Amino acid sequence: MNQFGFSINKDKSIDMDKTSQKLTQYLTTEEPSFNICMSCGTCSATCSAGNFTDFSLRRINLLVLRGQLDEVRDEVNKCMLCGKCTLLCPRGVNTRGVIVAIKQYFDKL
Ligand code: SF4
Ligand code: SF4
């Protein structure tokens, strides 16, 4: 914190022309319910892994759409695949299936 009592956040702008949309395309094929997520956050609010870590499936979905795949790869392994989020998602997204498909995508690289 500086002498003014606040600090300026780092620039978070993303050049979408330089990010990869390959994972988004893969999920559209392998787990199309990914595309009906409305970012409500129910999955994150009730996440078992989120009780112990800063893991958030809503954030994962956002990172995938932004093409920030290095962060996705680091984060996705925190999921315990318990399936609670799948039961609670109001849009019927197969959230557990999304996580499994993301893991498979990185395994194939
Ligand atoms: S609960 Fe479903 S709709 Fe809501 S953010 Fe999670 S995946 Fe998206
Ligand atoms: S399956 Fe993963 S993302 Fe969903 S509630 Fe369980 S730990 Fe959280």
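Of the 109 residues of the protein, 24% count as buried. The model is predicted.

Q: How many helices and strands are there in the protein, and which pattern does it follow along the sequence?
A: The protein has 6 helices and 0 strands. Read from start to end of the sequence, the pattern is therefore written with helices alone, by the definition of the elements as DSSP runs. That pattern is α-α-α-α-α-α.

Q: What box do the C-alpha atoms of the protein fill?
A: The box is taken along the principal axes. Its dimensions are roughly 50 × 35 × 25 Å.

Q: What share of the contacts with a separation of 6 or more comes from residues 24 or more positions apart?
A: The count takes in contacts in the protein with a separation of 6 or more. Within that set, residues 24 or more positions apart are picked out. They account for 63%.

Q: Which residues of helix H4 are buried?
A: Helix H4 covers residues 69-76. A residue is buried if 20 or more other C-beta atoms lie within 10 Å of its own. In H4 the buried residues are Leu69, Val72, Glu75 and Val76.

Q: Why do the buried residues of H4 line one face of the helix?
A: Look down the axis of H4. The buried residues line one face because they fall within an arc of 125°.

Q: Which exposed residues does H4 carry on the face turned away from its buried side?
A: The buried side of H4 holds Leu69, Val72, Glu75 and Val76. The face turned away from that side carries the exposed residues Asp70 and Asp74.

Q: How are H3 and H4 oriented to each other?
A: The axes of H3 and H4 come within 8 Å. They cross at roughly 150°. Angles over 145 degrees count as roughly antiparallel. H3 and H4 are therefore roughly antiparallel.

Q: Which residues of H3 and H4 meet, and what classes are in the contact?
A: From H3 come Ile60, Leu63 and Val64, and they meet Glu71, Val72, Glu75 and Val76 in H4. By class, this contact has 5 nonpolar, no polar and 2 charged residues.

Q: What is the handedness of the crossing of H3 and H4, left-handed or right-handed?
A: The axes of H3 and H4 cross at roughly 150°. Their crossing is left-handed.

Q: Which elements do the buried residues of H3 pack against?
A: In H3, the buried residues are Leu57, Arg58, Ile60, Asn61, Leu63 and Val64. Two of the helices they pack against are H2 (42-45) and H5 (84-88).

Q: Which residue just after H3 takes a positive phi?
A: The phi in question is about 80°. The residue just after H3 that takes it is Gly67.

Q: How are H1 and H6 oriented to each other?
A: The axes of H1 and H6 come within 10 Å and cross at roughly 125°. H1 passes H6 in a right-handed crossing. H1 and H6 are therefore oblique to each other.

Q: Which residues of H1 and H6 meet, and what classes are in the contact?
A: Leu23, Tyr26, Leu27 and Glu30 in H1 meet Val98, Ala101, Ile102 and Tyr105 in H6. By class, the contact has 7 nonpolar, no polar and 1 charged residues.

Q: Is Cys47 buried or exposed, and which residues does Cys47 touch?
A: Cys47 is found in the loop between H2 and H3. Cys47 has 24 other C-beta atoms within 10 Å, so Cys47 is buried. Not counting residues up to four places away in sequence, Cys47 touches Phe55, Leu57 and Cys85.

Q: Is Leu81 buried or exposed?
A: Leu81 sits in the loop between H4 and H5. Its phi is positive, about 55°, although Leu81 is not a glycine. With 11 other C-beta atoms within 10 Å, Leu81 is exposed.

Q: How does Ser39 count by its C-beta neighbours?
A: Ser39 lies in the loop between H1 and H2. Ser39 has a positive phi of about 55° although it is not a glycine. There are 13 C-beta neighbours inside 10 Å, so Ser39 counts as partly exposed.

Note on methods. Residues are numbered from 1 along each chain as its sequence is written. Chains are lettered from A and ligands numbered from 1 in the order in which they are written. This is a predicted model: local features need pLDDT of at least 70, side-chain atom pairs count only at pLDDT 80 or more; totals for chains, interfaces and linings use all residues. A residue is buried if 20 or more other C-beta atoms lie within 10 Å of its own, exposed if 12 or fewer, and partly exposed in between; C-beta atoms are placed from the backbone. Helices (H or I, at least four residues) and strands (E, at least two) are DSSP runs, numbered from the N terminus. The arc is that of the directions from the helix axis to the C-beta atoms. Axes are lines fitted to C-alpha atoms, for helices over the stretch in contact, and angles run from 0 to 180 degrees between N-to-C directions. Angles under 35 degrees count as roughly parallel, over 145 as roughly antiparallel, 65 to 115 as roughly perpendicular and the rest as oblique. A crossing is left-handed if the near helix is turned anticlockwise from the far one by less than a right angle, and right-handed if clockwise. Two residues are in contact if their C-beta atoms, placed from the backbone, lie within 7 Å. Ala, Val, Leu, Ile, Met, Phe, Trp, Tyr, Cys and Pro count as nonpolar, Asp, Glu, Lys and Arg as charged, and the others, Gly among them, as polar.
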